[in-house]
Amino acid sequence: MICAKCGDEMRMTEKDTSSGRDIREYACDGCGHTDWEVQGPALWQILSDDRKEFEAAQADRALAADSGARRERSQTGRAGIRSLWNRLLASFGKSR
Ligand SMILES: [Zn+2]
């Protein structure tokens with residue numbers, strides 16, 4: 001890798017494949033600039049990015065489902081169910 005600051009060839013200081021990616025860190029001996037890059041074909045990176053978005057969307061859904069379940073659990077007894085119905089009916093009434 002060429003240093004973005006001074007144009008010297010950078011020295012690879014670290015190679016991390018523990019996350020399944022080939023991440024390489026570089027340091028420039030000339031100016032001390034550090035940089036990193038992920039090795040691999042561009043398509044593989046794009047697919048990986050798509051997967052990340054997919055996983056993030058799934059996590060959002062899981063989070064929403066979880067908070068919904070928590071709300072239901074916190075409303076114990078008939079009073080909770082009735083107030084839920086009232087809120088539902090109220091929202092229906094407003095939309096009409
Ligand atoms: Zn440099």
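Colleague: Why does Cys6 count as partly exposed?
Modeller: Cys6 has 13 C-beta neighbours inside 10 Å. A residue is buried if 20 or more other C-beta atoms lie within 10 Å of its own, exposed if 12 or fewer, and partly exposed in between, with C-beta atoms placed from the backbone. With 13, Cys6 falls in between, so it's called partly exposed.

One thing to keep in mind: this is a predicted model, where local features need pLDDT of at least 70 and side-chain atom pairs count only at pLDDT 80 or more, while totals for chains, interfaces and linings use all residues. Residues are numbered from 1 along each chain as its sequence is written.

Colleague: Fine. What does Cys6 touch, not counting residues up to four places away in sequence?
Modeller: Cys28, Gly30 and Cys31. Touching, or contact, is when the C-beta atoms of two residues, placed from the backbone, lie within 7 Å. As for His33, 27 residues along the chain from Cys6, the two C-alpha atoms are 8.7 Å apart.

Colleague: And where does Cys6 sit relative to β1?
Modeller: In the segment before β1, which covers 11-16. Strands here are DSSP runs (E, at least two residues), as are helices (H or I, at least four), all numbered from the N terminus. The protein has 2 helices and 3 strands, running β-β-β-α-α from the N terminus on.

Colleague: What makes β1 lie largely in the open?
Modeller: Of its 6 residues, the number buried is 0, so β1 gets that description. Across the 96 residues of the protein, 3% count as buried.

Colleague: How do you know that β1 and β2 pair?
Modeller: Two strands pair if DSSP finds at least two bridges between them. β1 and β2 (residues 22-27) have 5 bridges, in the antiparallel sense, so they meet that cut-off. Among the partners, Arg11 has Ala27 in β2, and Asp16 stands opposite Ile23. The β1-β2 hairpin has 5 residues between the strands, and Gly20 there takes a positive phi near 90°.

Colleague: What makes β1 and β3 edge strands?
Modeller: The sheet is open, with 3 strands in the order β1-β2-β3 and antiparallel pairing. β1 and β3 (34-39) each pair on one side only. From one strand to the next, the twist averages 25°; axes are lines fitted to C-alpha atoms (for helices over the stretch in contact), and angles run from 0 to 180 degrees between N-to-C directions.
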